[in-house]
Amino acid sequence: MMDMTSAGGPDYTDADFQTVQRIAQKEAGICLPDSKKTLVYSRVSRRVRELGLASFRTYLDFVQAPEGQDELEKFICVLTTNVTSFFREKNHFTHLKEFVVPRLAAKARAGGRGRLWSAACSTGQEPWSIAMSVMAAFPEASSHDVRILATDINSDVVAQAATGIYPEAEVEAIPAGKRAQFMEPCGGGDFRFTGGICRLPAFRVLNLNADWPIKGSFSAIFCRNVVIYFDEATRERLWRRLADRLEEGGFLYVGHSERVASKSECGLEQVAPTIYRKGH
Ligand SMILES: C[S@@+](CC[C@H](N)C(=O)[O-])C[C@H]1O[C@@H](n2cnc3c(N)ncnc32)[C@H](O)[C@@H]1O
């Protein structure tokens with residue numbers, strides 16, 4: 001590797017990149033291979049400049065200091081991407097509607113709790129898609145004890161998700177019938193979720209690699225397109241922890257390029273390329 005100092009940009013050395021690798025690993029389980037050195041520069045240098053600092057070294061000292069805890073969250077967030085969309089990987093929502101919602105509805109109608117979890121929800125398209133799938137098959141869901149926990153490490157995206165407001169270009173991915181049923185225009189070409197569906201999602205900030213102050217178990221967990229950043233040991237630990245949070249017969253949905261390696265150890269059985277079921 002070579003040290004870099006782009007014209008007018010903050011100083012950035014190999015030692016700085018190694019510090020970035022160490023902090024990202026320790027704080028969020030994020031594994032940054034050496035090939036990401038330039039990408040890290042382009043993403044983090046913006047924060048260094050915005051804070052008026054001259055070098056990565058000063059910035060990295062700050063994020064490791066007690067007074068830099070808020071910045072540490074921002075630092076972790078610029079290292080990952082928030083790309084998402086409504087009904088991404090449509091087969092997961094078809095599967096959810098067919099195999100999860102009927103059981104969840106029966107349980108909720110009998111007075112029980114129905115819980116689903118979108119575990120790296122980004123700007124919310126995933127949990128809102130789950131909510132639409134639930135409401136489509138179980139229209140009175142919002143008057144029962146049914147909740148969709150929607151969490152992400154990034155407080156900015158969680159706040160955005162909680163507004164339930166999206167621009168027209170995003171909303172086009174939602175089938176017209178569902179859009180008409182669950183959304184209304186709210187000015188400036190934006191649409192917002194409206195009515196009972198808004199009672200389903202509960203948005204929270206949560207680092208998947210820290211403690212989870214979460215009670216109870218889930219009928220299904222969506223943990224998609226997030227473990228791509230984690231090293232093997234962090235992934236395996238996360239799969240085990242998620243499996244522990246699934247009820248017997250519950251499903252785990254993962255991203256299209258993700259796999260649960262130690263299926264037998266976690267008690268998860270693969271039922272489709274990116275869908276796993278707990279137990280038999
Ligand atoms: C590419 S988005 C995936 C969004 C959605 N699950 C999907 O598949 O469309 C990845 C999200 O993971 C979040 N993330 C990264 N590391 C995380 C961690 N340690 N704990 C929780 N969320 C994390 C990022 O903030 C980002 O919003």
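In the predicted model, the shell around the ligand comprises, by class, 8 nonpolar, 9 polar and 4 charged residues. In total, 21 residues surround the ligand, and the closest of these are T84, R88, A120, D152 and N225.

A nitrogen atom of the ligand is placed 2.8 Å from a backbone N or O atom of A120, and a polar backbone atom of R224 lies 2.9 Å from a nitrogen atom of the ligand. At N225, by contrast, the side chain is involved, with one of its N or O atoms 2.7 Å from an oxygen atom of the ligand.

The ligand takes up the space of the largest pocket. The feature "binding site" is placed by UniProt, in an unreviewed entry, at N82, T84, R88, E126, D152, N207, L208, R224 and N225. From this set, the lining of the largest pocket includes N82, T84, R88, E126, D152, N207, L208, R224 and N225. Among the annotated positions, N82 is located in the loop that lies between α4 (69-78) and α5 (90-109), while T84, R88, D152 and N225, which also carry the annotation in the UniProt record, are among the residues closest to the ligand.

How values were computed:
Residues numbered from 1 in each chain as written. Predicted model: local features only at pLDDT ≥ 70, side-chain atom pairs only at ≥ 80, totals over all residues. Heavy atoms only, no water. Near = heavy atom within 4 Å. Polar contact = N/O pair within 3.5 Å; in protein donor to acceptor, adjacent residues only side chain to side chain. 1 Å grid on protein atoms, 1.4 Å probe; cavity = no way out; pocket = protein on both sides within 12 Å on 5 of 7 lines; lining within 4 Å. Sits in = over half its atoms within 2 Å of the grid points. Nonpolar A, V, L, I, M, F, W, Y, C, P; charged D, E, K, R; others polar. UniProt positions renumbered as here; feature names shortened; annotations may be inferred. Helix = DSSP H or I, 4+ residues; strand = E, 2+ residues; numbered from the N terminus.
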